[in-house]
Amino acid sequence: MTGLVIRNTGSWYMVKVDQNEGLGNDAQPLVPCKVKGNFRLKGLRTTNPVAVGDHVTIVPNSDGSAFITKIEERRNYIIRRASNLSKQAHILASNIDNVMLIVTVAHPVTSTTFIDRFLATAEAYRVPVTLVINKKDLYSPEELQYAENLAYLYRYIGYEVKIISVTTGEGMDEIRDMLKGKVTLLSGHSGVGKSSFINTILPDLNIRTAQLSDVHDQGMHTTTFSEMYEMSDQPDSGYLIDTPGIKGFGTIEFSKEETSHYFKEFFRIAQDCRFNNCTHTHEPGCAVLEALKNHRISQSRYDSYLSILDDETESKYRE
């Protein structure tokens, strides 16, 4: 029996069983499952061996639950370091057509370092990303100008960027069109409006939202586990995957020689470096450093690149 993992609740997974499995009319389309056996992804130690979006084989038990016995090969996935004190990885979701990374320039602030780390990871695992700058209605003129500058930077690099307001609905019609027929992962810090975003797209779900913390102007977690929602009432049905808000994005499996490949503008310019194994930090004849000097590469992007290189330092995740 096969199905799609649509919810991860820690040790349990909810699997939507594929049609035509011969279950009978009284069978539940959603089956609670546990993992049987050890699953490993390229030898990585992961906190969740099965991820939302996985296509799996299950073996039913007499009590209505089942064991997951096999994971089909993943087309792609988004993965991050589980925590600063761990070398384990956490898979946010798999088999994704698009990620909408929801960010805010205030209430709360999303740093360019966080954005760049997420984008680099998505590049590494071949997942397209749309940058969605939310809460346009709340921004001061200065904050709105910064949002426009941010959009210009990432569009120049080659990313699609939308500036929207979930509250007023501005930009949401275009977003709806982008979601049709696709599996879309939503990610971002707590408080950027992911739950409100889903409630706007799928109002019948009525997902719980929370106010920002007055003390730190930061979001409070309202999503505890990843879950996939089917947009069955829309033309060209697709899926939305909601994920818990994340504070930081630790990269994993990046080598110093390959990290620049995941920065689009670096990769293009690096073809002109004198050395094939250039790390773009100190080497003579480095085209990337020259482009940084001439403002063809932004300082914020280069700083993010250096921070990822620093992830490889053994002590960084042991302190």
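In β5, which covers residues 66-71, I71 is the bridge partner of V56, a residue of strand β4 (residues 55-60), and the two strands pair in the antiparallel sense over five bridges; strands count as paired if DSSP finds at least two bridges between them. Helices and strands are here DSSP runs numbered from the N terminus, a helix being a run of H or I of at least four residues and a strand a run of E of at least two. The model is a predicted one, in which local features need pLDDT of at least 70 and side-chain atom pairs count only at pLDDT 80 or more, while totals for chains, interfaces and linings use all residues. Residues are numbered from 1 along each chain as its sequence is written, and side-chain values use heavy atoms, with hydrogens and water left out.

β4 and β5 form a hairpin with five residues between them, and G64 in the turn has a positive phi of about 95°. Strand β5 also pairs with strand β3 (residues 30-35), this time in the parallel sense and over three bridges, and the bridge partner of V35 in β5 is I68.

## The buried strand β8

Strand β8 (residues 98-103) is largely enclosed by the rest of the structure, because six of its six residues are buried, where buried means under 20% relative accessible area, exposed means over 50%, and partly exposed lies in between (1.4 Å probe, protein chains only). N98, M100 and I102 point one way from the strand, whereas V99, L101 and V103 point the other way, and all of them are buried.

On one hand, β8 is joined to strand β11 (residues 183-187) by four bridges, the two running parallel, and M100 stands opposite L186 of β11. On the other hand, five bridges join β8 to strand β9 (residues 129-133), again in a parallel arrangement, with V103 standing opposite I133. From β8 the chain crosses through helix α1 (residues 112-124) to β9 in a β-α-β crossover that is right-handed, a term used if, with the strands pointing away from the viewer, the path from the first strand over the helix to the second runs clockwise.

Strand β11 also contains S187, which counts as buried at 0% relative accessibility. Leaving aside neighbours within four places in sequence, S187 is in contact (heavy atoms within 4.5 Å) with L92, M100, L101, I102, F118, K194, T243 and I246.

## Helix α7 and what covers it

Helix α7 (residues 299-310) has 12 residues and reaches 17 Å from its first C-alpha to its last, close to the 16 Å expected at 1.5 Å a residue, the expected span being 1.5 Å times one less than the number of residues. The buried residues of α7 are R301, Y302, S304, Y305, S307, I308 and L309. An α-helix has 3.6 residues a turn, so residues three or four places apart point the same way. What covers the buried residues of α7 includes α1, α2 (141-157), α5 (264-269) and α6 (287-293).

## Salt bridges

The structure holds 13 salt bridges, each of them a side-chain nitrogen of Lys or Arg within 4 Å of a carboxyl oxygen of Asp or Glu. In one of these, the side chains of K264 and E123 meet at 3.8 Å, N to O; K264 lies in helix α5 and E123 in helix α1, so the pair ties together parts that are 141 residues apart in sequence. K264 is partly exposed, with a relative accessible area of 23%, and E123 is also partly exposed, with a value of 25%.

The side chains of K162 and E160 meet in another salt bridge (3.5 Å, N to O), in which K162 counts as buried at 14% relative accessibility, whereas E160 is partly exposed at 39%. A further salt bridge links the side chains of K180 and D177 (3.4 Å, N to O), where K180 is partly exposed with a relative accessible area of 35% and D177 is partly exposed with 49%.

## The loop at G10

G10 lies in the loop between β1 (2-8) and β2 (13-17) and is partly exposed, with a relative accessible area of 37%. The C-alpha atoms of G10 and N48 are separated by 7.8 Å, although the two residues stand 38 residues apart along the chain.
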